[in-house]
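Hi,

Here is the structure I promised to pass on. Have a look at it first, and then read my notes below.

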Amino acid sequence: MPTDLDVMEVVGRREAPIFTWNPVEQMWVQENQVASKPPPAPHDIHAIQTWFLDPDENEWIQTVLGPTGRQLAARWHGAYRVPESAVLPKIKPGKRTSPLMFAIAGVVLIALIGGVALAAPSLMGAPTASPAPSSGVVPTAAPQPTAAATPEPTPEPPPEPTPGPTVAPTPRPVPRPAGPTVTLKDGTRVTYTGPLTAQRGGTLGASFTVIRGNGRPGAGAFGVFLNDPVTVSNRRAATGTLNGSGQIFLSVPTNVPVGSYQLLFSYAGETAQIATVTVR
């Protein structure tokens, strides 16, 4: 499905089917009354987004949020974000090389080859060193040193120790925190380290730690939902990004009626309940 975020006038046309994706319930919500099947699930299932069917091309195109999408974004306090599939990389034009540079390089190469060819004969015909002429004087033998004048041999210094090979330190795995834990399909462990109770009209300080199956900290986007399975209007959400230690702290609004709520998280394409929070 292509992306077109500049089509501002499409929302509201009655002749084109329009659907908005609900990331909490993982379902499409139709914006108008035109009879049509919903599009397939979007690439980024964790973002609120609106799509319409182009009747000329018979394809689904992403556009601005519809009325229902804007209501969901306002209800979940900023859970709306631009889907990952809508961010198009900018391709930089290739850098063209001027043909003049290749011509200059060829001239320099020819000059170097000619210089080597001219210098080769002079190098091959260079005269060798002749022995020094004899002066007719017979050299006398050098006096032999006496035993008394023979110097004692100097002891050689001991060889310096050769350092051994350096061994790279093994990375220490992240310690597992205590708290309710959910293991994902790839072995990643998500642990909730926040409170299980919250005051009505305030916020829930939801903190999580994500550790991969190899013991390294997790990374990437992370979402949390205070879910009421009965009443949709009582659901609250917050999103963020894990830090370098695989941890995150999110403030979830608790302006909901007193009661028990499911605490859900969304990470790496999976959504699961990790605890039950009581709002007093």
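**What turned up**

β3 and strand β4 (residues 59–63) pair in the antiparallel sense, with five bridges between them. Keep in mind that this is a predicted model. The two strands make a hairpin with four residues between them, and Asn58 in the turn has a positive phi of about 55 degrees. Across this pairing, Asp54 sits opposite Glu59 in β4.

β3 also pairs with strand β1 (residues 18–22): four bridges join them, and they run antiparallel. There, Thr20 is opposite Thr50 in β3.

Now to another part of the chain. There is an open sheet of five strands with mixed pairing, in the order β7-β13-β12-β9-β10. Its edge strands are β7 (197–198) and β10, each of which pairs on one side only. For β10 the partner is strand β9 (residues 221–227), antiparallel over six bridges.

Arg236 is worth a click while you are there. This residue belongs to strand β10 (residues 236–241) and stands opposite Leu226. Is Arg236 buried or exposed? Its relative accessible area is 8%, and buried means under 20%, so Arg236 counts as buried. Its side chain reaches the backbone oxygen of Ser233 at 2.9 Å. Val252 is 16 residues away from Arg236 in sequence, with 6.7 Å from C-alpha to C-alpha.

Last, the aromatics. Searching the whole structure gives six aromatic pairs. One of them is Phe208 with Phe222, a tilted pair at 4.9 Å centre to centre with 50 degrees between the planes. It links distant parts of the chain, as Phe208 is in strand β8 (residues 203–211) and Phe222 is in strand β9, 14 residues apart. Phe208 is buried at 1% relative accessible area, and Phe222 is buried at 1% too.

Phe222 also pairs with Tyr267: the ring centres are 5.9 Å apart and the planes are at 40 degrees, so this pair is tilted. Tyr267 is in strand β12 (residues 259–267), 45 residues from Phe222, and both residues are buried. Together, Tyr192, Phe208, Phe222, Phe265 and Tyr267 make up one aromatic cluster.

Cheers

Note on methods: Residues are numbered from 1 along each chain as its sequence is written. This is a predicted model: local features need pLDDT of at least 70, side-chain atom pairs count only at pLDDT 80 or more; totals for chains, interfaces and linings use all residues. Side-chain values use heavy atoms; hydrogens and water are left out. Two strands pair if DSSP finds at least two bridges between them. Buried means under 20% relative accessible area, exposed over 50%, partly exposed in between (1.4 Å probe, protein chains only). A polar contact is a pair of N or O atoms within 3.5 Å; within protein, one must be able to donate a hydrogen and the other to accept it, and residues adjacent in sequence count only if both atoms are side-chain atoms. Rings of Phe, Tyr and Trp (its six-membered ring) pair if their centres lie within 6.5 Å; planes under 30 degrees apart count as stacked, over 60 as edge-to-face and the rest as tilted.
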